[in-house]
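Biologist: Before I use the labels attached to this model, I would like to go through them one by one and hear what each of them rests on.

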Amino acid sequence: MQVLKETGIDWRERRLISNLYMAQRVKVRLNRGETRIVKIGRGVRQGCCLSPILFNLCSERLSKEALGGFGDFKIGGQIIHTVEYADDLVLLAKEEKVLQDMIDKLIEIGRCYGMEMNVEKTKVMRISRQPFPGKIMIDQKQLENVGSFKYLDSILTDDGRCTCEIKCRIAMAKAAFNKKRALFTSKFCLELRKKLVKCYVWSIALYGAENWTLRAVDQKHLESFEMWCWRRMEKISWTDHVRNEDVLLRVKGQRNILHEIRKQKAN
């Protein structure tokens, strides 16, 4: 409630929230009746539209209080301490000591709010051309170092490259194509089928493409995927020995997937 007060929430709204969340009592309905009444000591309500707002207010306050003055990671001249989404928190730092200090302070302030950091779910990844394990400790326990992890459905790797992510997106897009193969190879007109492929298949392959740093090998993978789509759509087998230029003539188009990525980056 103190956070709500300092945020500027009117006392009437604070009283309403207090009545909703404080001293909660619940009972579970079963087939044979209901359980005895149980008190809920803390936490927000699952499915309540107000709960994520309250959580975000406390999370933002905690991050600002703990990490203000810390950090050495800059983007566009501005120091970026964290990347936050829902209850996921990523700490960013260039130096191992700075990261350790940030974690120590976050744990200290978090305990003042009644929060603890889960060591088992906390990972460390060093992004470098020659990555090596970092030694980050929480309560005398060293955090696990990982070479990659998935964040917001995108794969991040310790070499800072996007090849793994691109291959994964292409594989998912090919699976989506095969599920709807009958639709994409139907007797609909060519332009409609091309639009369907771009809508249902390319959208999967190019998810998050605005953040990719493309190398020559990555561009080759994407262009190969583009031709794979048109060949499957036109039922052209690799044993038919049809050149890519002839395939593009059949679909009345040009290589376009890299242009689509550049458009996403521009927006």
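Biologist: To begin, in which helix does Leu106 lie?

Modeller: This is a predicted model, and in it Leu106 lies in helix α4, which spans residues 96-112.

Biologist: Why is Leu106 called buried?

Modeller: The relative accessible area of Leu106 is 7%, and the term buried is given to values under 20%, so Leu106 is buried.

Biologist: Which residues is Leu106 in contact with, once its neighbours within four places in sequence are left aside?

Modeller: Leu106 is then in contact with Leu62, Ala66, Leu89, Leu91 and Met117, where contact requires heavy atoms within 4.5 Å. As for Glu116, which is 10 residues from Leu106 along the chain, the two C-alpha atoms are separated by 9.5 Å.

Biologist: Leu91 brings us to the strands; how do strands β7 and β8 run, and how many bridges join them?

Modeller: Strand β7, residues 82-85, and strand β8, residues 88-91, run antiparallel and are joined by four bridges. Pairing asks for at least two bridges, so β7 and β8 count as paired. Among the partners, Thr82 is bridged to Leu91 in β8, while Tyr85 stands opposite Asp88.

Biologist: Turning to the helices, why is α7 called oblique to α8?

Modeller: Helix α7 (residues 190-205) and helix α8 (residues 216-233) pack at an angle of about 140°, with their axes 11 Å apart. Roughly antiparallel would need an angle over 145 degrees, and roughly perpendicular one of 65 to 115, so α7 is oblique to α8. The crossing of α7 past α8 is right-handed.

Biologist: Which residues of α7 and α8 meet?

Modeller: From α7 come Leu190, Arg193, Lys194, Val197, Lys198, Val201, Trp202 and Ala205, and from α8 come Phe225, Glu226, Cys229, Trp230 and Met233. The residues of this contact of α7 with α8 divide into nine nonpolar, no polar and four charged.

Biologist: What makes α5 roughly antiparallel to α7?

Modeller: The axes of helix α5 (residues 163-179) and α7 come within 7 Å and cross at roughly 155°. An angle over 145 degrees is what the term asks for, and α5 is therefore roughly antiparallel to α7. The contact is made by Arg169, Met172, Ala173, Ala176 and Phe177 of α5 and by Val197, Tyr200, Val201, Ile204 and Ala205 of α7, which divide into nine nonpolar, no polar and one charged.

Biologist: How do you know that α8 is oblique to α10?

Modeller: The axes of α8 and helix α10 (residues 257-266) come within 9 Å and cross at roughly 120°. Because the range for roughly perpendicular is 65 to 115 degrees and roughly antiparallel starts over 145, α8 is oblique to α10. Gln219, Leu222, Glu223, Phe225 and Glu226 of α8 make the contact with Ile257, Leu258 and Ile261 of α10, and these residues divide into five nonpolar, one polar and two charged.

Biologist: Finally, why is Asn244 called partly exposed?

Modeller: Asn244, in helix α9 (residues 244-251), has a relative accessible area of 25%; buried would require a value under 20%, so Asn244 is partly exposed. Leaving aside its neighbours within four places in sequence, Asn244 is in contact with Met227, Arg231 and Arg255.

Notes
Residues numbered from 1 in each chain as written. Predicted model: local features only at pLDDT ≥ 70, side-chain atom pairs only at ≥ 80, totals over all residues. Heavy atoms only, no water. Axes fitted to C-alpha atoms, helices over the stretch in contact; angles between N-to-C directions. Helix = DSSP H or I, 4+ residues; strand = E, 2+ residues; numbered from the N terminus. Parallel < 35°, antiparallel > 145°, perpendicular 65-115°, else oblique. Left-handed = near helix turned anticlockwise from the far one by under 90°. Nonpolar A, V, L, I, M, F, W, Y, C, P; charged D, E, K, R; others polar. Buried < 20%, exposed > 50% of the residue type's maximum accessible area, 1.4 Å probe, protein only.
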